[in-house]
Structures are given as C-alpha cells and as structure tokens.
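Visitor: I would like to learn how to read the strands, helices and cores of a model such as this one. Could we go through it feature by feature?

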Amino acid sequence: IFCIKTNVYGHFEVDENRLNIIIANHKSWFDQEILNTIYPGQSIFLAKKAYFNMPIVGLGMRLHSHISVESRRTNYRLYDDIINHMKDVAPNGALFIYPEGTRNSEHGLLPFKDGAYHIAMKSNANLIPVFIYNCENILKKENSILSIKSGLVYVYINKPIHINDPRMESSDHLEQWYRETYYMHLNELIH
C-alpha cells in the first residue's frame, strides 16, 4: 500500500551496564515506529498519560510497559520511579524520550523539557541523541494513522553522551548542542 524507506546514519552504541536514554525530536506518530524498527533491543517510551486512555493505543502501551507521565514540571520523585521501572522491566533496554514533550508541527524544534537531562544525571545514564527528518511528511501530526504516505525518512544516531561530557553541564547546554547538531544534519540533507 505504501513504501517507506529509512536511511540510517550511525548505529546505537549501547552500554549494557547502565541505563541508556535515547532522545529524539518528535514530529509525527510515525517517529515511534521508526525508532522501534531501528533500535536493536527492548525500548520503553515516556508518553502522555492521555495516550494510555485511548482504546487500542493505550492497551498496546500498557502491554509494552511504556511509562505514563502527566507532570509538565520537574518532579524528582517521578524520575526515581522511571529509573526503577527501567531497572525492573527493561534492565538492558533503552528509555526513549522526546525532550520537546509533544509532537511538533512547526519547523524546527520546540523548547526542551529537562526530564531526560535529570533522569540521565540521577541514574548515571548514557544519553544517545537521535535526529529524525521527514517523518512529518509520512504521517502529519493532525492526520490519523490511516493517512500514512510513502516516503523517505532520514535518521542520524549520534555517539552516546555520558554525564561527565561538557555537553551535559546543564540541560541548557544539552539543548543548545542538540539544536545545533539537528540543524547541521538538516543542512547536510538539503545540500
């Protein structure tokens, strides 16, 4: 019915001795399918609590042990709960977080929430940045899953960033580096 090709640059370097957090930009429902397809191990996603109340989607999310979040502000107790959930459910898996906090239908990136940064710092995790391009043309934010179109998706997987890395000096440093790298890759694709 449709043909979706994915060009992947880089590969996941996962440290099985620590939590791995994968952060990615988020433009489409299809981002999650792309990440599930290219990630070699078990993955757990953070998702808005409202999605867990949707009939089919919510059931799938609960069955796969994804994590429901409601709070929009820093919540250290929630971070501990997320870390413990990962240790119990997917000790060698990865936690996927969209730091923008929602699907973004605008050009560019939305401001980041700081949860991924705080979870990484609290758990001594590796942060693996992923950059996804063109998913919004496969499945637009406002369209249903039945509206998937054929197309090409580009994914850049960066090397892991450990908490001692200068890019992890603060959540602002991490966000600034992610933005610069996102636009650098986007510029490479355009030219």
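**Strands, core and a covered helix**

Guide: Strand 2 (20-24) and strand 5 (94-97) run parallel and are joined by four bridges; two strands count as paired if DSSP finds at least two bridges between them, and helices (H or I, at least four residues) and strands (E, at least two) are DSSP runs, numbered from the N terminus. This is a predicted model, in which local features need pLDDT of at least 70 and side-chain atom pairs count only at pLDDT 80 or more, while totals for chains, interfaces and linings use all residues. Residues are numbered from 1 along each chain as its sequence is written, and side-chain values use heavy atoms, with hydrogens and water left out.

Visitor: Which residue stands opposite Leu-95 in strand 5?

Guide: Ile-21 stands opposite Leu-95. Strand 3 (43-48) also runs parallel to strand 5, through three bridges, and there Phe-45 has Phe-96 as its bridge partner.

Visitor: Which way do the residues of strand 5 point, and are they buried or exposed?

Guide: Buried means under 20% relative accessible area, exposed over 50%, and partly exposed in between (1.4 Å probe, protein chains only). Ala-94 and Phe-96 point one way, Leu-95 and Ile-97 point the other way, and all are buried.

Visitor: Which residues touch the most other members of the largest nonpolar core?

Guide: In soluble globular proteins, nonpolar side chains tend to be buried together. A nonpolar core is here a set of buried Ala, Val, Leu, Ile, Met, Phe, Trp, Tyr and Cys residues joined through side-chain atoms within 4.5 Å. The largest one has 33 residues, of which Ile-21, Leu-95 and Ile-119 touch the most other members. Helix 4 (76-89) gives the largest share of this core, five residues.

Visitor: Why is helix 5 described as largely enclosed?

Guide: Seven of the nine residues of helix 5 (115-123) are buried, so the rest of the structure largely encloses this helix. Among the buried ones are Tyr-117, His-118 and Ile-119, and the cover includes strand 2, helix 4 and helix 7 (171-190).

Visitor: Where does Asn-124 lie?

Guide: Asn-124 lies in the loop between helix 5 and strand 6 (126-133), where it takes a positive phi of about 60°. Asn-124 counts as partly exposed because its relative accessibility is 34%.

Definitions and conventions: Contact = heavy atoms within 4.5 Å.
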